[in-house]
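Trainee: I have some questions about how the terms are used for this model. Could we go through them together?
Mentor: Gladly, ask away.

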Amino acid sequence: MKLASLTVGGVRRAGAVNDAEQGLALLPSSIGTVDDIVRGGPAALDAARAALATVPGADTLPLAGVRLESPLHRFNRDILCTGWNYWDHFEESKGKRDGQDPASHPDHPTFFTKGPDTVIGPADDIAYDPGVSAKWDYEAEIALVIGRDGRSIPEEKALEHVFGYLVANDVSQRDLQRAHGGQWLKGKSIDATMPLGPWITTADEIDDLGGLRVQCEVSGRLLQDATSAQMAFSFARIIAELSHGMTLRAGDVVLTGTPSGIGNAREPQIFLGDGDIVVTRVSGLGELRNKVVLTRLT
């Protein structure tokens, strides 16, 4: 099932996307929002599936005619993120981290967070203020949504806690990322800069987690192109290590790292600017298309 969020008549609704028909079926208001379905456990997802079979034709909309929002709006905490999870990306940035290079490949996933106010929808504008940062970078990523609470989750059971997967772009401000003691929170948490969506694809719909193709285009130029098979740490390993002694809760969003091709590591460097169109796609999970727009953030 592909669950999307949209506002109809001033009310946020959940919808189910049918790829083959390029349509979106509005689920009954009684089902609640996508946030409600994620937090409601298997019973809520079963109810959504059962309701889908009864949606009248009048409540099925052409996908091209609706403006989807971020699938999730109610966050338990910051967005949880994984850094350096594609070794090609780790290597491309060597010597370009302003003296903050680690001595060697990390033995464990590197974690950081982003504030939830970074989240925007799959077609929303990415805020851009050169007065905040001079180095706005793109990072295409696969995100996952936790669907069942757990602490110290064994790696072999970790995927049982995943509700589904979606697409994200961890737009980063590289100068801010390096300027605050070597930790990344500030350079990852600028408002209205992280597209998320376009919908959540439930875990049961993905046959091969190692075969997801991750791409990012900026104004028509393909700059990132990799597959999830290149990840240094698997989805299950990320969940197991992140949950070690720390409870993950239904509704938590986890970003799983970006592949090589980032703007900061290129020669010459490429950074986002006003008017750029950023297209982020993951095979089987959909596509984000966002315009970078001059916005006053100070």
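Trainee: What makes helix α5 (residues 235-242) largely enclosed by the rest of the structure?
Mentor: Buried means under 20% relative accessible area, exposed over 50% and partly exposed in between, with a 1.4 Å probe and protein chains only. In α5, 6 of the 8 residues are buried, so the helix is largely enclosed by the rest of the structure. The buried residues are F235, A236, I238, I239, A240 and L242.

Trainee: Which strands cover the buried residues of α5?
Mentor: The cover includes β5, β6 (110-114), β10, β11 (162-169) and β16 (253-255). Contact here means heavy atoms within 4.5 Å.

Trainee: What should I keep in mind about the model itself?
Mentor: It is a predicted model, in which local features need pLDDT of at least 70 and side-chain atom pairs count only at pLDDT 80 or more, while totals for chains, interfaces and linings use all residues. Residues are numbered from 1 along each chain as its sequence is written, and side-chain values use heavy atoms, with hydrogens and water left out.

Trainee: How do you know what counts as a helix or a strand?
Mentor: Both are DSSP runs numbered from the N terminus: helices are H or I with at least four residues, strands are E with at least two. By that definition the protein chain has 5 helices and 18 strands.

Trainee: Why is the protein chain called as compact as a globular protein of its length?
Mentor: The radius of gyration is taken over C-alpha atoms, and the globule rule is 2.2 Å times the number of residues to the power 0.38. The chain has a radius of gyration of 19 Å, close to the 19 Å from the rule for 298 residues, so it is as compact as a globular protein of that length. Its C-alpha trace spans about 60 × 45 × 35 Å along the principal axes. Buried residues make up 53% of the 298 residues, and among contacts with a separation of 6 or more, 76% join residues 24 or more positions apart.

Trainee: What makes E69 and R12 a salt bridge?
Mentor: The definition asks for a side-chain nitrogen of Lys or Arg within 4 Å of a carboxyl oxygen of Asp or Glu. The N to O distance for E69 and R12 is 3.2 Å, and their side chains meet in a salt bridge. E69 lies in the loop between β4 (60-62) and β5 (79-83) and R12 in strand β2 (residues 11-18), so the pair ties together parts that are 57 residues apart in sequence. E69 counts as buried at 19% relative accessibility, whereas R12, at 37%, is partly exposed.

Trainee: How do you know that R174 and E139 qualify as a salt bridge too?
Mentor: Their closest N and O atoms are 2.6 Å apart, and R174 forms a salt bridge with E139. R174 is in helix α4 (residues 174-179) and E139 in the loop between β9 (136-137) and β10 (140-146), so this pair ties together parts that are 35 residues apart in sequence. Both residues are buried. They belong to a network of salt bridges that links K114, D137, E139, D170, R174 and K188.

Trainee: How many salt bridges does the rule give?
Mentor: The count comes to 20. One of them joins R281 and E287, with the closest N and O atoms 3.1 Å apart; E287 is partly exposed at 33%.

Trainee: Why is T60 called partly exposed?
Mentor: Its relative accessibility is 39%, so T60 counts as partly exposed. T60 lies in strand β4 and, leaving aside neighbours within four places in sequence, is in contact with L24, A25 and V55.

Trainee: What makes the backbone at W84 and S219 worth a comment?
Mentor: Most residues other than glycine have a negative phi, and most peptide bonds are trans. W84 has a positive phi of about 55°, and phi of S219 is near 50°. W84 counts as buried at 14% relative accessibility, while S219, at 47%, counts as partly exposed.

Trainee: Which peptide bonds are cis?
Mentor: The bond from G197 to P198 is cis, with omega near -10°, and P198 lies in strand β13 (residues 194-202). The bond from E267 to P268 is cis as well, with omega near -5°; P268 is found in the loop between β16 and β17 (277-282).
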